[in-house]
Amino acid sequence: MRQLPTLEKVGYELDSAEERHRENPETFYLPPKAERESLQTDDLAKLIFDISIDDDVAQLATERMWVKVIDSKDGIYSGTLENKPYCREEGKIRLALGDTVLFSPEHIIMTYTAAELTQKTEQRKNIIETITIDQAIEVQKRCKDRKMVDEMVSAGFPVFEVLEKYNLDLPTLDD
C-alpha cells in the first residue's frame, strides 16, 4: 500500500489544500474535486511542501512546486518533482528535482492537463520567437531579485528561455 510522505520518513510532508481552503475560502482557490481526482499520466499538479532543513523537523521551509503525474492507484497519485526546491540553498534537504512524490487529491492546489501544457508550450515558443535583443536586455535588467523572477515565471513569461536565446546571463539574485 502506498504511503504519503512524512517529515520523519522522507524529510517533507504535504499541506492539505482542502484544509487551507476551509480556513480561507475567499482567498485560497481550490480546483474542483472532480478535477483533482481525475488527473492522468503527464498532467501536472501543484502541491505545497513543508520541507525539513538539515533533518530538523522544527525548521521547515514551505514551497509550492509542480509534480508530473506518473500513475494513480487507490486514490494516491505517484509523480516526479518538476521543480528544484529553493530551500536546498538554506541547508541539507532530502528532496530534489526528479524525485518520486506520492500525493492525494486533497493536496492539489492547481492542475494542468497534458493538453493545456502543450498549448502553453506553443504560446511560450511564440513569445520567445518574437522577442528582440532589446527586449531581452530589458528582461535581464528587471531580473534583480528572486521575487521578481518568480513573479515573471508565475505569470507565464519564459524568462530563462528569452535570456538563453541571446546568450544573456541571469544576474546574481538578491533574496
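**Briefing**

Lysine 125 has a relative accessible area of 42%, so it is partly exposed. The structure shown is a predicted model. The side chain of lysine 125 meets that of glutamate 122 in a salt bridge, at 3.6 Å from N to O. The points below take up this pair again, together with the rest of the chain.

**Overall fold**

- The chain has 175 residues, of which 35% count as buried.
- Seven helices and six strands are present in the chain.
- Along the sequence, these elements come in the order α-β-α-α-β-β-β-β-β-α-α-α-α.
- Taken along the principal axes, the C-alpha atoms fill a box of roughly 55 × 35 × 30 Å.

- Glutamate 122 is partly exposed, because its relative accessible area is 41%, a value between the 20% limit for buried and the 50% limit for exposed.
- From the C-alpha atom of glutamate 122 to that of serine 38 the separation is 24 Å, and the two residues are 84 apart along the chain.
- Serine 38 is in the loop that runs between α3 (33–36) and β2.
- With a relative accessible area of 41%, serine 38 is also partly exposed.

- A search of the whole structure gives seven salt bridges.
- Arginine 124 and glutamate 161 form one of them, with their closest N and O atoms 2.8 Å apart.
- This pair joins distant parts of the chain, since arginine 124 belongs to helix α4 and glutamate 161 to helix α7, 37 residues apart.
- Arginine 124 is partly exposed at a relative accessible area of 25%, and glutamate 161 counts as partly exposed at 31%.
- Arginine 2 and aspartate 71 form a salt bridge through their side chains, at 2.7 Å from N to O.
- Here too distant parts of the chain are linked: arginine 2 sits in the segment before α1 (7–10) and aspartate 71 in strand β3, 69 residues apart.
- Arginine 2 has a relative accessibility of 24% and so counts as partly exposed.
- Aspartate 71, at 31%, counts as partly exposed as well.

**Largest pocket**

- The volume of the largest pocket is about 1400 Å³.
- Its lining consists of 34 residues, and those nearest the centre are Trp66, Asn83, Arg124, Val153 and Ser154.
- At least two lining residues come from each of β2 (44–53), β3 (56–73), β6 (108–112), α4 (114–130), α6 and α7 (159–165).
- Helix α4 gives the most to the lining, with eight residues.
- Sorted by class, the lining holds 16 nonpolar, 13 charged and five polar residues.

- Valine 153 is part of helix α6, which covers residues 146–154.
- Valine 153 has a relative accessible area of 34% and is therefore partly exposed.
- Val153, Phe160 and Leu170 make a nonpolar surface patch of about 230 Å².
- Val153 is also among the residues nearest the centre of the largest pocket.

Conventions. Residues are numbered from 1 along each chain as its sequence is written. This is a predicted model: local features need pLDDT of at least 70, side-chain atom pairs count only at pLDDT 80 or more; totals for chains, interfaces and linings use all residues. Side-chain values use heavy atoms; hydrogens and water are left out. Patches are made of residues with over 30% relative accessible area and no salt bridge: like charges are joined within 9 Å, nonpolar side chains (Val, Leu, Ile, Met, Phe, Trp, Tyr) within 5 Å. Accessible areas come from the Shrake-Rupley method with a 1.4 Å probe; for residues, only the protein chains shown count as cover. A salt bridge is a side-chain nitrogen of Lys or Arg within 4 Å of a carboxyl oxygen of Asp or Glu. Helices (H or I, at least four residues) and strands (E, at least two) are DSSP runs, numbered from the N terminus. Buried means under 20% relative accessible area, exposed over 50%, partly exposed in between (1.4 Å probe, protein chains only). On a 1 Å grid over the protein atoms alone, a cavity is a set of points where a 1.4 Å probe fits but cannot get out, and a pocket is an open set with protein on both sides within 12 Å along at least five of seven lines; lining residues have an atom within 4 Å of a point. Grid points are joined across faces, edges and corners, and a volume is the space filled by probe spheres set on the points. Ala, Val, Leu, Ile, Met, Phe, Trp, Tyr, Cys and Pro count as nonpolar, Asp, Glu, Lys and Arg as charged, and the others, Gly among them, as polar.
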